[in-house]
Amino acid sequence: MLARYVLSRRLTREEWGLVQWIVKNLGQTRTDEFLKLPITQHRMKPSFHNNRSFLQRIDELPHGLGWSCKKVTVCGNREDEDGAFLEEEVELWSQDPVECVKELIGNPAFKADMAYSPAKAYSDHAGQHRVIDEMWTADWWGEKQKALPEGVTIAPIILSSDKTMLSQFRGDKSVWPVYMSISNVAKAKRHQASSRATVLIGYIPAVKLDCFTHEERSLAGYRLFHHCMALLLHPLIAAGNDGVEMVCADSWIRRVYPILAAYVADFPEQCLVACCKENRCLKCLVAAEERGDVLDSVMCDTETTMDVLQRRKVSQHLPEFKEMGLRSVYKPFWAKMPHADIFLAFTPDLLHQVHKGVFKDHLVRWCQQIIGEEEMDARFKAMPNYPGLRHFKKGISTVKQWTGSEHKEIERVFVGLLTGAVPSRVLVVACSILDFAYYAQLRIHTADLLEALQTALSVFHANKEVLKELSVHEHFNIPKLHQLSHYVRSITLFGAADGFNTELPERLHIDFAKDTYCASNKCDYEEQMVLWLQRQEAIFLQGTYLDWLEHVPLSAAGRTKDVSNTYDLDSDSDSDLVAGSHPHRSVQDIVTSHGATDFLTALQSFIRKNLPGCTVVPGVQDCFDIYWQAVIVMPPDLRVSDIPTWRRVRATPEILSSGCKPGCPARFDMGLIFDGPHPARLQTLDVTVAGLRVAQVRAIFSLPRQFGTYTRALAYIEWFTPFRAPDPYSGMQQVSRSTRHCCRNAAVIHVDEIVRPCHLILKMGLSVEPRLRSGNAYKAANDFYFNEFIDGEMFCASVAIN
């Protein structure tokens, strides 16, 4: 009844589908053109005849929180022709952050992903091995809870801001969004942009401040940012001091204290927030020239910083002000935020500090100077293929625009690529940085993992002098490198670093900056942007509400359960899905196309062992159904992911080019295989376990009917030798091709004996052979390194035994 009332009052059910399609696919001009088409007016006959009436109908719908605009007058230090100081009026668009917290903590969609109190998690029943994951499992929340009245609930605020350009090819228009979320919502849900667990609360004015001279413009920008942030976040002061009663997602009413806990931003933005210069640390008082050393520096704190700023306000000569590297911002927005410490709030930035900063901008550049860009590119060209691994077929020196994904792709092969080309101590430096990067991005941390994270950083500092000796780098006073020393403490206080990555705000720029700007007429665009967002929110709320009424009975409301992401841990996690059959392939075709030279011999041996009652001897007259890949469903490693992982093992022959359609090289992947008793269910991956070996999968097939009813898929493989002692500097296991009677050691196995795909990197030596390419690397080489950095699961499994 309620649904019918809503639709009859505003839009018919058919019109509602049309409204959603128009909003998603058409702009205002195209909407006007579409609604004025004769077929639209005479056949569809919607209740709105042009864009203006269409928007009026949308504006009648219920929407989310309203937007407000505050005018801020900025008085500059430049004078006009009459001798008066120039002024500039800017606009601050904002939503009430306390109301946003109410919307987030009360959203029933987050009920299953919500926490209201701190807790300590352990990996054992005795409570000896603590696990740190979400913020509620870390220390900060528990410490703040003890300082507040008993029984109240904390809503840890996560803020993020990042100025972004709106136009690239014309003009220089930009916008400065401020996002907010709460750590009560699980980080997996917060990271989903479509879940709307991170909301936009305002646009900081992004202006040039031409009313100031060039010398004063930067400081004026600092002060304007803090003034606008203070206006934006002012409602949080009273709410953080006294608490606010809120209806939570589980329908309980709690007194909630919204407290600023974390601030996610890149390094320049963090310096802006902390009121410090960019050559200083945001979290400790280390001297600018000592950031490359391992020191136990005094940590910054809010009270001391505010005391120095206030004394600086009345005294121009203050040694502490210069020593701390502060800027003359006397009213920072965080000064009055209750229970907040802005210097602790700066969380690790994996994207800009680790992947782009220390790894790409420094380690990769250092190694390029040592071995040369040409040799580095040749090694990337010769890198063997792996499912899902990006192949830089032209090297990396020609890449101009880098993304976070490309940084991570290089990390997956970088250690094996360097082995043999750089001095051993440089290789140790590279391994330590990669170890740190992989440990830092884990979803779950234990005391042992945090110790390993700190050890990786210590190994880097113990060997970094080799870069000076090689004249690669003169000093290590690098801000992003120094920030790594604070990772362990930040993780202990606020939880795993992956919960505060800056990749999410950059993704949100598409929804809240780029798309909204494109929907405007590019003049006075901020007002149009917030109106467009309000209409998008109305469409979303109405659609969600109607879907809920249609699919969920009112009597069952609140008792539904989302099972779309559940995973049965008791199921057969090693089950393989074989896809894409190519029937009736002859033995000669298999031998020629797949390189399965001993196919018949290996198959005969398999049948004698596994089908003793079979009297049929395979021969050249037989045909087999061939599969080009097997998909292995692996149980989740909670340190890396909480969902199952689907891994592909390919055995695809070369496809020749045909006309305009390009060809494709052969893909015969490597796999980890049990050469012995297969356990009922794989619990851990230990490459030193007897019977676990590497093999190259050449063909995946099934037996034809003349061999009886045999449903298990088979694979023709070529063995590698058992794992030898790891390389002393890179720590990578070593394998070689296995031979028998001067031929490759081949066998036929069950596909379900393949544990997972793996990646080998050929030993390239001091310089790679020019003939080597990704397509022929496995064929041309004999000795390889086992690549433990190919993915997070393999890294965790490998370091557990090293």
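**Buried residues, cores and packing in the predicted model**

S702 is buried, with a relative accessible area of 14%. The cut-off for a buried residue is under 20%, so S702 falls on the buried side. The structure is a predicted model. S702 belongs to strand 17, which covers residues 692-702. Leaving out residues up to four places away in sequence, S702 touches F624, D625 and Y627.

Q270 sits in helix 11, residues 267-274. Its relative accessibility is 1%, so Q270 counts as buried. With residues up to four places away in sequence left out, the contacts of Q270 are A265, L282, F346, T347 and Q353. V399 lies in a loop, between helix 16 (373-381) and helix 17 (404-411). V399 has a relative accessible area of 17% and is buried. Beyond four places in sequence, V399 touches F392 and E406.

The largest nonpolar core has 86 residues. Within this core, F414 and L418 have the most contacts. Helix 19 (residues 424-440) gives the most to the core, with 12 residues. Residues up to four places away in sequence aside, F414 touches F359, L363, V364, C367, M376 and F380.

Helix 9 comprises 20 residues, 214-233. At 1.5 Å a residue, helix 9 should span 28 Å. The C-alpha atoms at its ends are 29 Å apart, which agrees with that expectation. Several residues of helix 9 are buried: L219, A220, Y222, L224, F225, H226, C228, M229, L232 and L233. An α-helix has 3.6 residues a turn, so residues three or four places apart point the same way.

Helix packing was examined next. Two packed helices are described by the angle between their axes and the distance between the axes. Helix 3 (residues 28-35) packs with helix 5 (residues 51-59) at an angle of about 110°. Their axes are 8 Å apart. Angles of 65 to 115 degrees count as roughly perpendicular, so helix 3 is roughly perpendicular to helix 5. Helix 3 makes the contact through Q28, T31, D32 and L35. On helix 5, the contact is made by N51, F54 and L55.

An open sheet is formed by 3 strands, in the order 3-4-11. The pairing in this sheet is antiparallel. Strand 3 (121-122) and strand 11 (445-446) are the edge strands, and each pairs on one side only. Strand 4 (residues 130-132) is joined to strand 11 by 2 bridges, and these two strands run antiparallel. In this pairing, V131 stands opposite T446 of strand 11.

Strand 22 covers residues 746-750. Of its 5 residues, 5 are buried, so strand 22 is largely enclosed by the rest of the structure. Strand 22 pairs with strand 18 (residues 714-719) over 5 bridges, in the antiparallel sense. In strand 22, H750 is the bridge partner of L714.

Definitions and conventions: Residues are numbered from 1 along each chain as its sequence is written. This is a predicted model: local features need pLDDT of at least 70, side-chain atom pairs count only at pLDDT 80 or more; totals for chains, interfaces and linings use all residues. Side-chain values use heavy atoms; hydrogens and water are left out. Helices (H or I, at least four residues) and strands (E, at least two) are DSSP runs, numbered from the N terminus. The expected span of a helix is 1.5 Å times one less than its number of residues. Buried means under 20% relative accessible area, exposed over 50%, partly exposed in between (1.4 Å probe, protein chains only). Contact means heavy atoms within 4.5 Å. A nonpolar core is a set of buried Ala, Val, Leu, Ile, Met, Phe, Trp, Tyr and Cys residues joined through side-chain atoms within 4.5 Å. Two strands pair if DSSP finds at least two bridges between them. Axes are lines fitted to C-alpha atoms, for helices over the stretch in contact, and angles run from 0 to 180 degrees between N-to-C directions. Angles under 35 degrees count as roughly parallel, over 145 as roughly antiparallel, 65 to 115 as roughly perpendicular and the rest as oblique.
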